[in-house]
Amino acid sequence: MKFLCPVPGYDRHFGITAQFGIEMIPIPMDENGPDMDLVEEYVNNDETVKGIWCVPKYSNPTGIVYSEETVKRFAALKPAAKDFRIYWDNAYALHHLYPDIDVDIPNILEECEKAGNPDMVYQFASTSKITFPGAGIAAMSASEANIEEVKYRLSWQTIGYDKINELRHVRYFKNVEGLSTHLKKHADIMRPKFEATLEMLDKELSDLKIASWTKPLGGYFISFDAMEGCAKKIVAKCKEAGVTMTAAGATFPYGLDPKDSNIRIAPTFPPLEEIVTAVSLFITCVKLVSVEKLLEG
Ligand SMILES: Cc1ncc(COP(=O)(O)O)c(C=O)c1O
């Protein structure tokens, strides 16, 4: 059994898939989302391909938003496997850094239905990054048939879900406007941190041609690509100097980044002053490791 894994991607998706013993196939992404020619080739011809992980909006870690065409091509897939499903993890659906910039994507459930594939997708969301990680609530949307099946399975997995916490969320947010208003407050906290990080990267690295990085309009991460063979060394050097980052390689299935170049930057948690210190240290490590590599070559 195989799953397609757009890369770089979310380490937990890959961890879950690995735990179930499912083979993972990396799929490259560009600014419009996964390489759809490759996705179609696998899904439409290989019946051992049973799923694909997607973070369609402000993807983890790139911040990429899937284009309208990408979403429509997903909905129009003609899977060789009858039980193929798209795992549409819309974890950052409302997590705009610039709430006035509209980055809406088509509704995958509606598109799948229009394309005659109503049962092909499960869409997920959660308030982990809206209220509290580990104390939020999760949501899933899918066709009636899929919801029936999942409800049956969940009824064996969970006897007593946290109804009080669900009620707390409903009373606090009330409706989707309540959620959006709350997320604007998050954006006000996060925007300066992203902007400070990006400004420093731009100022210190953009002329050197030793790295590239994404400039997301939402989500939680910046995806940074160093020169080939440098990511592990950079993350290790940062750690030695006191800045712990997500392990290099974690953004790829099996932790194997074939180029050893991708690093996930999460400028969300530390206060602004600490971010400035941490990013300047990161930049120094990038420069040191890159110089070593250039001298070697
Ligand atoms: C894409 C994605 N999905 C899910 C989650 C976690 O959500 P939950 O805590 O509800 O499992 C994260 C958190 O980083 C994420 O980036």
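Let's start with β5 and β6: strand β5 (residues 85-89) and strand β6 (residues 121-126) run parallel and are joined by 4 bridges. Strands here are DSSP runs of E, at least two residues long, and helices are runs of H or I of at least four, both numbered from the N terminus. Two strands pair if DSSP finds at least two bridges between them. Within this pairing, D89 stands opposite F124 in β6.

A quick word on what we're looking at. This is a predicted model, where local features need pLDDT of at least 70 and side-chain atom pairs count only at pLDDT 80 or more, while totals for chains, interfaces and linings use all residues. Residues are numbered from 1 along each chain as its sequence is written, and side-chain values use heavy atoms, with hydrogens and water left out.

Now look at the other neighbour of β5. Strand β4 (residues 49-54) also runs parallel to β5, again with 4 bridges. You can find W53 with Y87 as its bridge partner, and C54 opposite W88. To get from β4 to β5, the chain passes through helix α3 (residues 68-75), and this β-α-β crossover is right-handed. That term means that, with the strands pointing away from the viewer, the path from the first strand over the helix to the second runs clockwise. On the β6 side, β5, helix α4 (residues 108-114) and β6 make a right-handed β-α-β unit as well.

How many residues of β5 are buried? The count is 5 of 5, where buried means under 20% relative accessible area, exposed over 50%, and partly exposed in between, using a 1.4 Å probe and protein chains only. In a regular strand the side chains alternate between the two faces of the sheet. Here R85, Y87 and D89 are on one side, I86 and W88 are on the other, and both faces are covered.

Let's zoom out to the sheet. It is open, with 7 strands in the order β3-β2-β1-β4-β5-β6-β7 and mixed pairing. β3 (33-34) and β7 stand at the edges with a single partner strand each, so one side of each has no neighbour in the sheet.

Next, some backbone details. Most residues other than glycine have a negative phi, and most peptide bonds are trans. In the loop between β4 and α3 we find P61, and the bond from N60 to P61 is cis, with omega near 5°. That loop also holds Y58, which has a positive phi of about 50° although it is not a glycine. Y58 is buried, because its relative accessible area is 1%. Another cis bond runs from V7 to P8, with omega near -5°; P8 is in the loop between β1 (2-7) and α1 (11-19).

Over in helix α7 (residues 176-205) sits T197. Is T197 buried or exposed? It counts as buried because its relative accessibility is 0%. Leaving aside neighbours within four places in sequence, T197 is in contact (heavy atoms within 4.5 Å) with I222, I265, P267, I275 and V279.

Finally, the second largest pocket. It is lined by 23 residues, and A125, S126, T127, A139 and L179 lie nearest its centre. Among the elements, β6, β7 (138-141) and α6 (163-173) give two or more residues to this lining. A pocket here is an open set of points on a 1 Å grid over the protein atoms alone, where a 1.4 Å probe fits, with protein on both sides within 12 Å along at least five of seven lines; lining residues have an atom within 4 Å of a point. Thanks, everyone!
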